[in-house]
Amino acid sequence: MKSNHFFAMLSRMKYINRWGLMRNTIKENISEHSLEVGFIAHALGVINNEVYHGNLDAQRLALLGIFHDVTEIITGDMPTPVKYYSPVIRGAYKEVEKVARDELLDGLLPQMQDVYRPLLLETAEEEELWKYVKAADKLSALIKCIEETQMGNLDFAQAKESTKKAVHSLNLPEAEYFMEQFLPAYNLTLDESNQNMEMN
């Protein structure tokens with residue numbers, strides 16, 4: 001990649017749609033998804049700190065969430081059933097992700113690359129934080145499923161149940177807390193949400 005093209009490439013995230021194998025009522029691109037993951041990852045950090053008296057860097061979680069799918073600018077969004085079909089495919093995809101990361105980093109000034117490298121792919125040093133980013137990613141997918149099924153799109157009915165199970169399987173109290181406290185509001189219409197706010 002030519003020098004200094006990193007941020008121009010980031011702007012192309014809005015052209016890469018998610019859920020390619022599904023019939024979508026509303027299209028979702030990786031730019032929109034990444035912002036939502038950043039919001040949720042930050043919330044999980046705040047829940048950890050304020051509810052469970054932990055000590056996570058919520059701001060760092062937000063940043064990791066925003067950047068977590070950046071390599072898909074080059075690889076595209078591979079559907080989950082394909083990505084995890086076999087260990088061979090998953091291993092090959094991880095190698096492709098590393099190549100994509102390095103291509104993107106080449107679009108930065110050399111003195112900036114070390115700052116952005118750990119944002120683009122999971123690192124052992126921040127393994128604990130990446131658990132929360134993965135949870136936020138799953139929660140964002142679950143929200144998408146809720147929104148689609150609310151609009152009568154049955155293509156997302158099974159995905160909704162399997163994604164909910166995937167969140168539970170993470171055994172993350174913060175993710176369970178988010179689901180219990182915040183997910184019900186996604187089932188409300190705007191008028192219902194407004195009524196609840198007025199009552200409070």
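# Reading a predicted model, feature by feature

Mentor: R117 counts as partly exposed, at 30% relative accessibility. Buried means under 20% relative accessible area, exposed means over 50%, and partly exposed lies in between (1.4 Å probe, protein chains only). The model is predicted, so local features need pLDDT of at least 70 and side-chain atom pairs count only at pLDDT 80 or more, whereas totals for chains, interfaces and linings use all residues. Residues are numbered from 1 along each chain as its sequence is written, and side-chain values use heavy atoms, with hydrogens and water left out.

Trainee: With which residue does the side chain of R117 meet in a salt bridge?

Mentor: Side chains of opposite charge can pair when their charged atoms come close. A salt bridge requires a side-chain nitrogen of Lys or Arg within 4 Å of a carboxyl oxygen of Asp or Glu. Here R117 meets D114, at 2.6 Å from N to O. D114 is exposed, with a relative accessible area of 59%. Both residues belong to helix α7, and because they are 3 residues apart, about one helical turn separates them. Helices are DSSP runs (H or I, at least four residues), numbered from the N terminus.

Trainee: How many salt bridges does a search of the whole structure find?

Mentor: The search finds 8 salt bridges. One of them joins the side chains of E126 and R60, at 2.8 Å from N to O. This pair links distant parts of the chain, since E126 lies in the loop between α7 and α8 and R60 in helix α3, 66 residues apart. E126 is buried, at 15% relative accessible area.

Trainee: Which side chain meets that of E148 in a salt bridge?

Mentor: An α-helix has 3.6 residues a turn, so residues three or four places apart point the same way. The partner of E148 is K144, at 2.7 Å from N to O. Both lie in helix α8, 4 residues apart, about one turn of the helix. Leaving aside neighbours within four places in sequence, E148 is in contact (heavy atoms within 4.5 Å) with R23, N24, T25, I26, N153 and F156.

Trainee: Which residues of helix α3 are buried?

Mentor: Helix α3 spans residues 58–67, and the buried ones are A58, L61, A62, L64, G65 and F67. Their cover includes α1, α2, α7 and α8. At the start of α3, a side-chain oxygen of D57 reaches to within 3.2 Å of the backbone nitrogen of Q59.

Trainee: How many aromatic pairs does the count come to?

Mentor: A pair of aromatic rings is described by the distance of the centres and the angle of the planes. Rings of Phe, Tyr and Trp (its six-membered ring) pair if their centres lie within 6.5 Å; planes under 30 degrees apart count as stacked, over 60 as edge-to-face and the rest as tilted. By this rule the count is 7. Among them, F7 and Y116 are edge-to-face, 6.0 Å centre to centre with 80° between the planes. That pair links helix α1, which holds F7, to helix α7, which holds Y116, 109 residues apart. F7 is partly exposed at 45% relative accessibility, whereas Y116 is buried at 17%. Y52 and Y177 are also edge-to-face, with 6.2 Å between centres and 80° between planes. Y52 lies in the loop between α2 and α3 and Y177 in helix α10, so the pair ties together parts that are 125 residues apart in sequence. Finally, ring pairs link F6, F7, F67 and Y116 into a cluster.

Trainee: Which residue other than glycine has a phi near 60°?

Mentor: That residue is W19, whose phi is positive. W19 lies in the loop between α1 and α2 and is buried, at 16% relative accessibility. N171 likewise has a positive phi, of about 55°, although it is not a glycine. N171 sits in the loop between α9 and α10 and is exposed, at 65% relative accessible area.

Key. Helix = DSSP H or I, 4+ residues; strand = E, 2+ residues; numbered from the N terminus. Polar contact = N/O pair within 3.5 Å; in protein donor to acceptor, adjacent residues only side chain to side chain.
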